[in-house]
Structures are given as C-alpha cells and as structure tokens.
Amino acid sequence: MEGLKKQMEKVQGRGWWIKGLTAWLLGAMTIILMVFFFLSDKKEFSENENRYLGKVPVFSLDKVKSGEYMNDLEAYMADHFPFRDFFMGVKAKAEMAVGKKEINGIYVARDGFLIEEYKKPENTERVGRILKDFAKELEGQDVGLRLMLVPTAVYVYEDKLPDHAPARNQMETAEQIYSISGIIPIDCSGDLIAHKEEGELYYKTDHHWTTLGAYVGYQSYCREMGIDAVSLEEMTAQTVTEDFCGTVYSKAGDYDRTGDAITIYTNPSDCLKVEYMDTGEVSDSLYNLEYVDGKDKYSLFLNNLHPLIEVTNEGADSVRELVLVKDSYANSMVPFLAHHYKKIYIFDTRYYKQGVSAFIKEHPAITDVLVLYNMNTLDSDLGIRGIY
Amino acid sequence: MVFSSIPFLFFFLPFCLILYYGAPYGWKNKVLLLASLTFYAWGEPVYILLMFFATAVDYCNGRLMEKYGSTEGRRRFFLICSIVINLSVLAFFKYADFLILTVNKLFSISIRPLGLGLPVGISFFTFQTMSYSIDLYRKQVSVEKNYWNYLTYVSMFPQLVAGPIVRYSTVNEELRKRRIKREEVEEGLIRLMQGLFKKVLIANQAGALWEEIRLLETGRVSVATAWLGATAFTLQLYFDFSAYSDMAIGMGRMLGFHFPENFNYPLSSISVTDFWRRWHISLSTWFRDYVYIPLGGNRKGMIKHLRNMLVVWFLTGLWHGASWNFVLWGLYYGILLVLEKYVWGKALEALPKICRHFYALFIVVVGFVIFVFDNMSDLGNYFLSMAGLGGNALWGEECVWYLQNYKVVLTAAVVLSFPVYPWIKKEAGRMESKGKAVVSILSMAGYILLFLVTTAFLVNDTYNPFLYFRF
C-alpha cells in the first residue's frame with residue numbers, strides 16, 4: 001500500500017515535471033527570440049514586403065510626449081523581429097491548414113492563382129466627379145478623350161476563385177464611373193474575358209495584368225480608336241524572367257509557390273527616345289532590365305514610377321500625340337501603344353502635381369488623351385485626385 | 001502597448017521579469033512600480049500625471065479619514081470627498097464630450113466638444129481607488145500609510161488597462177509580503193500563454209470575421225450571415241476580454257499576486273441572471289457591493305428594487321463607454337433581469353436545460369449587437385437584417401463562404417466557451433496518475449506549436465486592435 005502511494009506520487013511528479021518544463025520552454029523560447037533580435041543584423045529594406053523597415057527612432061522629449069517615439073520604437077521591434085519571413089510563412093500555412101481560402105485579403109484560387117479581393121468601393125462618386133471635372137477642363141480643346149477602366153484578376157478570373165467567394169462586380173462600379181464622368185469609355189473587360197483561356201492575362205503572384213493581358217487591352221483600344229493593331233507576330237518577344245514573385249505573393253505569405261514569367265515585346269520598326277522628366281534620364285528602351293534581378297520585377301516596364309515620361313517614336317505610324325494619364329497597369333501597354341504615336345506624354349497623377357489639363361492646353365499638338373486605371377487602385381489610392 | 005503584441009511579450013515583459021526576479025526581496029515592489037509606470041507612460045506619456053493625482057487623492061483621504069475620522073460624520077465627509085473627486089475626473093475625461101453633444105442636441109446649441117483623448121484604463125483605476133476609500137470607510141481594510149505601496153497597487157501593470165478590477169482588500173497583504181514560488185511562476189506563465197492564444201488565435205480571428213460582415217452592404221447580408229456576424233462579435237468580445245483577464249491573472253501569479261477570476265464561462269449560462277454572475281465578475285460585484293446593496297438591494301420592496309435595478313444598470317451600461325448605445329445595453333439587461341425575477345423566472349426553470357441555454361444566448365447575442373453599434377441607424381439596419389426585414393434573403397452564398405473560412409476558429413471558440421478545458425485537465429490528470437505521461441508530452445507539444453503559430457500571427461498582424469480602450 002505504501003509502495004503504491006509512493007509510485008503514485010512519483011508518477012504525478014512526472015506529469016508535474018513536464019508541465020513545469022513546458023512553462024520553462026515557452027519562457028526560454030521568448031528569451032531566445034529576444035536575444036536573436038538584439039544580435040541579428042538589421043535589414044534596411046524588406047525585399048519580400050517591398051518596403052523600408054522601421055529605423056531606431058531619434059529620441060526627443062516632444063516625440064515622447066506625443067507618443068510618436070514609442071510608436072516608432074514598437075514598429076522597429078516588429079519590423080526587425082527575428083525570422084520574420086519564416087513566421088509570415090507559418091501564418092499562411094496555418095491558415096491554409098484550417099481551411100481558409102483567403103489570407104490577408106488574397107484569395108487562394110485555382111490553377112495556382114493568388115487573386116487580390118475587390119473591397120467594397122468607397123469613392124465611386126468622388127472618382128467619377130474628379131474625372132468629370134477633368135473632362136470639363138478639356139472642353140474646347142481639340143483632343144479625343146477616352147477613359148479605360150481595367151478590371152483586375154478577380155473579375156476576369158472569377159471562375160478560378162474558391163467556391164462561394166463573395167465577388168463584387170467591378171464593372172458595375174466602372175459603369176457608374178463612366179456615366180458620372182461622361183467620358184467616352186473603352187471597355188476591355190469583355191475582350192479580356194473572351195481571351196482569358198488563350199493564356200494567362202494576369203500574373204498568378206502579382207496584382208498586375210501580364211503583357212498578354214495588356215495586349216488584349218491594347219487591341220480593345222485600337223478597335224475603338226480605329227487604329228490597326230500591330231500583331232504580336234510582328235514584334236520580338238523576349239522572356240526576361242521566370243521567377244517573378246509579385247505583391248500578392250508577398251501579401252499572402254505562402255512562400256512555396258513558384259514565380260511567374262515576364263515576357264516583353266519590342267517593335268523592330270520603332271525608334272524610341274524615352275525621357276524621364278524627373279530624373280533627366282534618357283533611354284532608347286521602354287524597359288529597364290536591371291529590375292529583373294530585384295524583387296519588384298514589374299518595375300522593369302517603364303523603369304518603375306515617374307511623374308512624367310515623354311516617349312518619342314521616330315518610327316511611329318502617325319504624327320498624332322497622346323497624353324496617357326495612368327497607374328502602373330498602363331506601363332506594360334505603352335510598348336504596344338508607342339507604335340501609333342509620334343509622342344506620348346505619360347503622367348502618373350500620384351506624383352505629377354502641376355495639373356495635367358494645364359499641360360494639355362500648353363501643348364496644342366496633342367491629339368488624344370487616354371485615362372487608364374485598374375479598378376482596384378482607382379478606389380483605394382485615389383492618385384487620380386492629382387489629375388487636374 | 002497591448003499584451004498581445006511583440007513589444008510587450010518579447011521585450012517589456014521578459015525584461016521586467018528578469019529585473020523583478022533578480023532584485024532582492026526589499027526591492028521587488030520598487031521594480032514593479034517602475035515597470036508599471038513605464039508601462040502606463042508608454043501609452044499615456046501625459047495622462048500618467050492623472051494617475052498620480054487620482055492615487056494621491058485617495059491616499060490622502062485615507063490618511064485624513066484615519067487621523068481625523070473620530071466620528072461617523074467626519075469619516076463620511078472624507079469618503080464623499082474621495083468619491084466626488086474620482087467621479088469628477090472620470091466624468092471630465094470620459095463623459096464631458098458625450099454630455100456636451102447630448103446637451104447640444106437637446107437644446108440645439110453648439111458648445112464645442114473638448115476633444116480630450118480617453119486616458120487608458122481610467123475606468124478601471126478610478127473604480128479601484130474608490131473601492132479602497134469605501135472599504136476604508138466601512139472599516140473593512142486598514143489604512144495604507146505608504147503612498148508608493150498604494151501607487152504600486154493601483155498602477156500594477158497586469159491589471160491596469162483592462163482589469164480585473166482588483167480591490168485593495170484583495171492584494172493589500174500580498175503587497176507587503178508575498179512568496180514567489182516556482183510552481184506559481186510556471187502556472188502563471190501557462191495561464192498567460194492560454195490568454196495569449198485565446199486573444200490572438202480566437203478573438204482576433206472572430207473579430208476579423210465580424211469586421212468582414214459588418215462592412216457588407218445592408219442588402220447583401222442574409223439573415224444567416226447577420227446572425228453569424230453577431231455570433232462572431234459575441235465570441236470576439238468574450239475571448240478578447242477574458243483573454244486579457246487570463247493574461248492579467250497569469251502575470252499576477254508570476255509576480256506573486258492572486259487576482260480574482262473575472263469570467264466563468266458566461267456563454268454557457270442558462271439565464272440572464274446566470275450570465276451576469278459569470279461575465280466580468282469584478283465589475284458586477286463592484287456595482288453590487290458599492291451601489292446596489294447600499295441602495296437597499298431588493299430588500300426594501302418592489303418599487304425600490306426596480307429603482308435600484310434601473311440605477312445600477314444605467315450606470316453599468318454607461319461605464320462601458322460614453323455613448324447612448326451602452327446605456328441602452330445596460331438598461332436592456334436591467335429590464336430583462338427584472339422580468340426574469342418577477343415574470344418568467346419560474347417558467348424558465350421548468351424548461352429543459354438546452355432551451356434555457358438558447359434563451360440566454362439569444363439575449364446575450366442580441367445584447368452585443370446593441371453594444372457594438374454606437375450609431376443608432378446602423379444598429380436599426382443590422383437588426384432589420386437579423387430579422388429578415390431588410391429586404392434580404394434568409395440564406396446566402398456568402399454565409400457558406402464565411403463558414404468555410406472560419407469553421408475551425410468558430411468551432412474551437414464555441415467548444416471553449418463551455419467548461420471543456422477544466423474537464424480535459426481533470427481527465428488528463430487521471431490519465432497521468434495512471435502513469436501515462438503521454439498526455440503531458442502531447443500537451444507540451446501543443447503549447448509549443450500554439451506558441452509558434454501565435455508568434456507568427458503577431459508578426460503578420462496588422463490586425464491587432466484592442467476593444468477595451470474605450471472603457
């Protein structure tokens with residue numbers, strides 16, 4: 001009897017010992033992570049998240065009083081947490097393991113697609129009115145104004161979304177904006193859907209359309225404008241990378257996926273001069289292939305973002321001049337458009353603040369104006385406010 | 001700095017604990033005080049003066065009550081001083097703008113709101129300091145002669161921001177003399193981790209679901225989705241709040257203190273009365289002991305009882321936030337509690353238990369819908385959606401989508417809302433005593449896995465809001 005009791009105590013002691021051990025292990029893991037934080041090299045830039053990480057804030061009494069110092073310090077701690085990318089991956093895996101089909105706003109879609117959701121649009125009225133005001137500014141100018149609102153993958157590849165995914169119809173919103181703005185629309189959504197089986201029109205890991213997608217958009221534009229589109233066969237194709245892991249890949253955090261290929265086209269009959277007005281750089285190509293080695297490979301189109309780019313083409317098939325007001329979607333369409341315009345002025349209204357309409361008035365040679373945005377950034381970043 | 005954040009868990013807390021355990025016994029309170037003040041000043045660099053003020057007032061009142069309180073009348077004078085000052089501070093910082101806006105609306109005038117930020121934890125620490133003054137007046141505790149001790153009690157970081165509302169009488173002995181035992185530290189850490197897992201893996205996820213549903217256009221919400229949303233919010237609130245209490249209690253134990261339990265599986269209640277015995281216990285007992293019973297409770301006839309209920313539940317509602325929906329929420333419970341006592345309580349008891357669960361849950365879920373919308377027209381719209389009167393369908397594809405995405409989290413949340421964990425612990429204990437250490441090893445592996453996943457969520461998380469900052 002006495003022996004049994006002793007045995008019992010011993011066994012209970014063992015359970016207890018393990019429970020205690022659990023606590024110590026958890027505590028030790030915490031401290032190890034803390035130590036790693038202090039010992040590790042601090043990266044300045046996160047390739048994966050494509051942003052600069054927080055820096056050690058400079059101490060000042062005012063910043064302490066306002067709480068800014070503490071917030072910055074917290075951001076610094078979070079940004080440089082050890083094994084950050086590993087943990088981001090663990091989070092994505094854990095969510096997928098419990099059956100989540102949407103991670104950080106990205107649908108885990110069929111055929112290897114990661115597709116960014118379309119959030120409830122908040123600024124439809126406002127965007128429509130901004131565009132209407134822009135059109136009003138141009139009244140009396142002898143230019144053809146067109147508005148092209150491009151759907152994102154969530155619209156075109158709706159059939160690839162996970163079952164039951166709640167999809168808002170982007171083109172309904174686009175219709176509203178077309179009608180409020182009163183600008184002649186160029187709707188490429190039907191063409192995109194018609195061609196969607198012919199190849200990938202959107203990247204599987206990025207929020208942009210592929211060069212092929214941009215080509216379909218270009219065909220819609222040409223048809224509406226009465227231009228003869230250059231066929232892809234007449235152009236030179238070059239696959240510049242096969243492992244482009246874009247923004248939605250980073251957002252979702254599932255790092256086991258393979259990247260996309262990027263193909264670029266050049267028209268042999270073009271003779272280009274590309275001027276970046278902010279940096280003063282001049283180039284003879286619409287591509288900057290240095291970006292192929294970095295993370296943000298889509299930036300190879302038109303050398304990333306610039307407030308104003310002037311493209312002159314001595315080999316163009318007309319003497320018309322185009323103003324293109326756009327977001328990054330247009331960057332991969334410009335190589336096709338360039339053939340039809342002697343000059344293209346490309347504005348990114350997030351950065352160009354001098355007023356596009358004033359520019360148009362000062363340049364009477366301009367014959368066409370195209371406003372091109374994708375439906376996601378149009379509502380979310382409101383860069384379009386800079387349009388006039 | 002919220003508990004469930006990288007700066008707190010991986011920097012502040014380990015650092016404090018190392019200092020705390022390393023300090024000689026006589027220095028431990030000083031380390032604790034310094035840590036707590038740093039913690040508070042971190043979030044409220046200016047308002048920390050307010051906490052010094054509030055504690056100084058009650059400390060001085062206590063000393064004066066002790067020195068000059070030879071008669072009941074004098075003691076009462078000091079008590080009233082303390083209460084008036086505390087409530088004025090609370091009213092000024094928390095309710096002034098609410099009052100101004102209400103007055104503006106009533107008389108169509110336009111006094112400018114003050115636009116003061118709400119000092120973190122003010123609702124908690126003013127209630128704590130008041131409990132000290134009242135207990136002292138009632139001679140239930142003896143006077144605190146050391147201001148730093150008193151400040152340590154009020155500012156103690158585990159419970160400063162979100163409770164439980166620890167009374168002075170609960171911890172005054174431990175403030176002076178406590179033993180820090182290894183097993184207590186271990187158990188405290190486990191409790192802290194449980195709270196952390198609950199907060200990050202359940203409350204935040206249920207919260208994400210609720211946010212998705214609340215942002216849907218009214219017409220797009222089917223009845224099923226509306227109820228799913230309300231349920232998700234209920235689970236979020238419970239797991240969020242009780243997780244904070246778990247973490248507070250756990251950290252308290254690691255420091256050698258024993259704080260009261262604050263939740264006892266409220267979502268497994270079988271009546272409204274039962275719910276309020278199990279939900280935010282430290283608050284409901286505070287109102288019971290310091291408002292309801294002094295007013296006469298239910299022993300002075302039905303009319304007075306009704307009045308007392310009205311007062312207590314108006315105040316309980318208002319305590320939760322300076323907005324009418326909180327008052328409405330409080331009164332909703334006041335009325336239901338009265339009805340349960342005088343009208344259908346007996347009939348309810350005759351029902352099968354499962355029906356009583358559903359009855360209580362229905363009331364709780366509807367109640368939290370009132371709680372969450374501070375805009376009355378949004379609230380009305382949501383109720384219409386829940387009732388199917390908003391021109392919405394009974395069932396929609398979006399509901400399948402949400403269930404599919406959140407099935408594991410929701411199932412875990414529902415299961416853990418019932419006292420399953422104590423049962424598992426008991427069974428595991430039985431298995432262990434039969435010599436099966438495998439249970440302990442499995443649980444250890446489980447904790448480590450959950451810790452890694454939780455850390456992953458924290459690293460990823462931009463979604464880490466803290467619901468209780470409005471209190």
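**Phe83(A)**

I began with Phe83(A), which has 15 C-beta neighbours inside 10 Å and therefore counts as partly exposed; the cut-offs are 20 or more for buried and 12 or fewer for exposed. I placed Phe83(A) in the loop between α3 and α4 of chain A. I then looked up its backbone: phi of Phe83(A) is near 55 degrees, a positive value in a residue that is not glycine. I note here that the model is predicted.

**Ser108(B)**

I looked for a positive phi in chain B as well. Ser108(B) has one, about 40 degrees, and Ser108(B) is not a glycine either. I found Ser108(B) in the loop between α4 (72-107) and α5 of chain B. Is Ser108(B) buried or exposed? I counted 6 other C-beta atoms within 10 Å, so Ser108(B) is exposed.

**Model scores**

I wrote down ipTM 0.86 and pTM 0.87 for the model. For chain B the average pLDDT is 90, and 97% of the residues score at least 70. I marked residues 463-471 of chain B, where the pLDDT is below 50. Beyond near neighbours in sequence, that stretch has 18 contacts in the model.

**Chain A overall**

Of the 388 residues in chain A, 37% are buried. I also checked the sequence range of the contacts in chain A: of those with a separation of 6 or more, 72% are between residues 24 or more positions apart.

**Chain B overall**

How many helices and strands does chain B have? I found 19 helices and zero strands. The box filled by the C-alpha atoms of chain B is roughly 70 × 65 × 50 Å, again along the principal axes. I compared the radius of gyration with the globule rule: a compact globule of 471 residues would have a value near 23 Å, and chain B has 23 Å, so the two agree. I noted 43% of the 471 residues of chain B as buried. Among contacts in chain B between residues at least 6 apart in sequence, 73% join residues at least 24 apart.

**A helix pair in chain B**

I took helix α3 (residues 48-68) and helix α5 (residues 122-137) of chain B, which pack with their axes 10 Å apart at an angle of about 0 degrees. That makes α3(B) roughly parallel to α5(B), because angles under 35 degrees count as such. On the α3(B) side I listed contact residues including Met51(B), Ala54(B), Asp58(B) and Met65(B). On the α5(B) side they include Phe125(B), Tyr132(B), Leu136(B) and Tyr137(B). By class I get seven nonpolar, six polar and one charged residues for the contact of α3(B) with α5(B).

**The contact between chains A and B**

Last, I went to the contact of the two chains, which takes 43 residues from chain A and 41 residues from chain B. Which elements of chain A each supply at least two residues of the side that touches chain B? I noted α1 (2-39), α2 (61-66), α3 (68-79) and α4 (84-97) of chain A. α1(A) gives the most to this side, with 19 residues. I sorted the side of chain A that touches chain B by class and got 23 nonpolar, 10 polar and 10 charged residues.

How values were computed
Residues are numbered from 1 along each chain as its sequence is written. Chains are lettered from A and ligands numbered from 1 in the order in which they are written. This is a predicted model: local features need pLDDT of at least 70, side-chain atom pairs count only at pLDDT 80 or more; totals for chains, interfaces and linings use all residues. Two residues are in contact if their C-beta atoms, placed from the backbone, lie within 7 Å. Helices (H or I, at least four residues) and strands (E, at least two) are DSSP runs, numbered from the N terminus. Ala, Val, Leu, Ile, Met, Phe, Trp, Tyr, Cys and Pro count as nonpolar, Asp, Glu, Lys and Arg as charged, and the others, Gly among them, as polar. pLDDT is the predictor's confidence in each residue, from 0 to 100. The radius of gyration is taken over C-alpha atoms; the globule rule is 2.2 Å times the number of residues to the power 0.38. Axes are lines fitted to C-alpha atoms, for helices over the stretch in contact, and angles run from 0 to 180 degrees between N-to-C directions. Angles under 35 degrees count as roughly parallel, over 145 as roughly antiparallel, 65 to 115 as roughly perpendicular and the rest as oblique.
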